[in-house]
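Q: Could you walk me through how to read pockets in a model like this one?
A: Gladly; let us look together.

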Amino acid sequence: MKGIFITFEGPDGSGKTTQMEMLGERLESLGRDVVYTREPGGTGIGEDIRDILLDSSNTAMVHRTEALLYAAGRAQHVDELIKPALGQGKIVLCDRFIDSTIAYQGFGRGIDLGFLNELNNIAVAGLLPDLTLILDIDPALGIERINEKRVLKSGRAKDRIEQEHINFHERVRKGFHHLAASDPKRCRIINGGKDTETVHRELFRIVNEVLLNEDT
Ligand SMILES: Nc1ncnc2c1ncn2[C@@H]1O[C@H](COP(=O)(O)OP(=O)(O)OP(=O)(O)O)[C@@H](O)[C@H]1O
Ligand SMILES: [Mg+2]
């Protein structure tokens with residue numbers, strides 16, 4: 001059996017991690033074998049790269065370095081984890097993937113999209129998601145949610161990307177809209193501003209329709 005590769009995309013605080021876990025539990029309850037992973041990260045090397053990328057003290061990082069580091073981590077992730085899991089027939093759920101590169105480094109940072117597409121092509125070596133779920137949200141609401149989480153869990157400080165100005169996050173959101181419009185077969189946009197259960201229901205409907213054909 002061939003595996004299924006689903007990626008979760010959207011601005012910070014849009015609910016990607018929450019929804020990925022909810023979908024994963026639902027799929028596991030249907031007897032599916034699910035692998036959960038994330039970018040940047042997913043492998044030992046990838047997690048080391050993640051630390052460099054998100055370290056808020058790395059203020060000297062230039063945009064090309066940032067883009068290349070994301071791509072380097074992705075190449076490792078694809079070969080070491082994603083392709084083997086798909087080869088074993090598993091469902092791979094990945095928190096961020098190629099589309100975040102276009103939205104953040106392209107629309108956010110202003111790097112040429114042609115260059116980033118080429119970089120993505122090199123990193124994925126032919127592997128594309130079967131389905132990409134883009135959670136859309138007003139970035140101000142997303143940031144508010146993250147801040148609430150931070151207060152509740154007296155958690156970590158803002159990472160290097162989260163610290164960006166709201167205008168940056170607005171451009172990122174536009175980037176995700178652009179992606180959804182330019183590849184509507186793979187990329188499906190979902191309103192992430194609704195309550196968790198409503199978002200899950202809509203998301204599962206799409207997964208079911210596109211990939212599973214199970215009764216809901
Ligand atoms: N639909 C929702 N309504 C209200 N709060 C939500 C909803 N979905 C998630 N949250 C809460 O908002 C916060 C951010 O959610 P989550 O971590 O899933 O987002 P994310 O997109 O993964 O964020 P990041 O980009 O920072 O990884 C969490 O505290 C989560 O519990
Ligand atoms: Mg998350």
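Q: What volume does the largest pocket have?
A: Rolling a probe the size of a water molecule over the atoms shows where empty space is left. A pocket is an open set of points on a 1 Å grid over the protein atoms alone, where a 1.4 Å probe fits, with protein on both sides within 12 Å along at least five of seven lines. Its volume is the space filled by probe spheres set on the points, which are joined across faces, edges and corners. Here the largest pocket comes to about 1200 Å³. This is a predicted model: local features need pLDDT of at least 70, side-chain atom pairs count only at pLDDT 80 or more, and totals for chains, interfaces and linings use all residues. Residues are numbered from 1 along each chain as its sequence is written, chains are lettered from A and ligands numbered from 1 in the order written, and side-chain values use heavy atoms, leaving out hydrogens and water.

Q: Which residues lie nearest the centre of the largest pocket?
A: Lining residues have an atom within 4 Å of a point. Of the 41 here, Gly13, Thr17, Ile146, Lys149 and Arg156 lie nearest the centre. Helix H1 (16-29) gives the most, with 6 residues; helices are DSSP runs of H or I, at least four residues, numbered from the N terminus.

Q: What volume does the second largest pocket have?
A: About 220 Å³. Among the residues closest to its centre are Asp99 and Ile102, and helix H5 (113-124) supplies the largest share of the lining, 4 residues.

Note on methods
Helices (H or I, at least four residues) and strands (E, at least two) are DSSP runs, numbered from the N terminus.
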